[in-house]
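I opened this one to go through a few residues and the sheet. These are my notes, in the order I looked things up.

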Amino acid sequence: AFRKLPDTFRFSMKNLLSPTTQLTAGRFHLFELHEQPWLPNCLRLLLLDWLHFVWVLFSPSSFIGSLFWKVYPNKAPFQYVAPVLDDVMKKTAHNTVVDMCSGAGGPMAHVCEVLRDEYQRKDVTVRLTDLYPQTDTWQALAANNPNLTYESQSIDATNAPKGLCGIRTFMACFHHFTPPLAQSMIADAVNNKAPIVIIEMTDRTLLCMLAIGLGALPLVYLGTPLCLSWSLTRFVLTYLIPFAFLQWVWDALVSCLRTYSQDELNQLVAGVAGADQYEWTHKYEWPSWPLPIPLRFFIGTPKNQ
């Protein structure tokens, strides 16, 4: 019966539950609801708030994290990003992080604080950028963090301004882009000799997709009162109409199917002129929280820096 299934699916009972075995042989670039222009902004913000909530959920400084820490020591996902960036800074002598496609920018604001306070990088600068800058949101974040800045003008990651120097990060957003666009973003970083760090919190593994699907129910319905912004709209679309839950499940699963594998990222790099002058490495972290969802890093640093 398995032989009759499409070749794009790998149903091997031996490795199906492996935390690294890709469920599909290729990525599926399906649509995500929050990307659709017809979706009202208030509904889009439901998901963006949730994404930030997940990034900081199990931080020891959060309410849930402080309770969970007593049972099992843990870190929030953003706390795994800071040491990776610190290592890149040591290799390249860069002290500025240029976050591309920042969206609401929440996770990078926390990463900035960790770099400054825990890694003693007092003069670190994290600069938020986006094709569609959310200046009001970023301004509020920057008001509480002197090391956080932002670009109010539109920044295209495939053709960034020459003066925008620093380590380029893509925080849980690289899967949004088609291969030609993703390759152009890598090429622009290489052409400007900028280190690049791609961070994803999704994967095309069965365990990751099951964790996201099954974990959505308690996360959305029990965690909503603790989310960033409480409103009547959030209450109605969570508890009376299950839109928030369905949006989270659909977009999260599609994000998994869109995520580039190690081989696919290597193939993108192979087609970029000058990429052979970079050192490219893959890194996996497994945040110690109850769900088997990996934090994946793809890191490129110029060899002559």
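I'm working from a predicted model, so everything here is computed.

Buried or exposed, I asked of Thr259? Buried: its relative accessible area is 0%, and the cut-off for buried is under 20%.

Next I checked what the Thr259 side chain does. It reaches the backbone oxygen of Ser255 at 2.6 Å. There is also a polar contact of 2.6 Å between the side chains of Thr259 and Thr202. Setting aside residues up to four places away in sequence, I listed what Thr259 touches: Arg27, His175, Glu200, Thr202, Asp203, Arg204, Glu264 and Arg296.

That sent me over to Thr202. I located it in the loop between β5 (196-200) and α7 (206-223). Thr202 has 10% relative accessibility, so I put it down as buried. Again leaving out residues up to four places away in sequence, its contacts include His175, Cys208, Ile212, Ser255 and Arg296. I also noted Ala172: it sits 30 residues from Thr202 along the chain, and their C-alpha atoms are separated by 7.9 Å.

**The sheet**

With β5 already in my notes, I wanted the strand order. I read off an open sheet of seven strands, β3-β2-β1-β4-β5-β7-β6, with mixed pairing. Which strands stand at the edges? They are β3 (148-150) and β6 (278-285); each has a single partner strand, so one side of each is left without a neighbour in the sheet.

I zoomed in on one pair. Strands β1 (residues 96-100) and β2 (residues 125-128) run parallel and are joined over four bridges. Within that pair, I found Val98 bridged to Arg127 of β2.

Helix α3 (residues 78-92) does, touching β1, β4 (167-171), β5, β6 and β7 (295-302). The direction of α3 makes about 10° with that of β7.

**Last stop: Ser102**

I followed the chain on from β1 and picked Ser102, in the loop between β1 and α4 (106-117). Its relative accessible area is 12%, so I logged Ser102 as buried. What does its side chain meet in a polar contact of 2.8 Å? The side chain of Asp99. Beyond its neighbours within four places in sequence, I have Ser102 in contact with Leu128, Thr129, Asp130 and Trp138.

Conventions. Residues are numbered from 1 along each chain as its sequence is written. This is a predicted model: local features need pLDDT of at least 70, side-chain atom pairs count only at pLDDT 80 or more; totals for chains, interfaces and linings use all residues. Side-chain values use heavy atoms; hydrogens and water are left out. Helices (H or I, at least four residues) and strands (E, at least two) are DSSP runs, numbered from the N terminus. Buried means under 20% relative accessible area, exposed over 50%, partly exposed in between (1.4 Å probe, protein chains only). Contact means heavy atoms within 4.5 Å. A polar contact is a pair of N or O atoms within 3.5 Å; within protein, one must be able to donate a hydrogen and the other to accept it, and residues adjacent in sequence count only if both atoms are side-chain atoms. Two strands pair if DSSP finds at least two bridges between them. Axes are lines fitted to C-alpha atoms, for helices over the stretch in contact, and angles run from 0 to 180 degrees between N-to-C directions.
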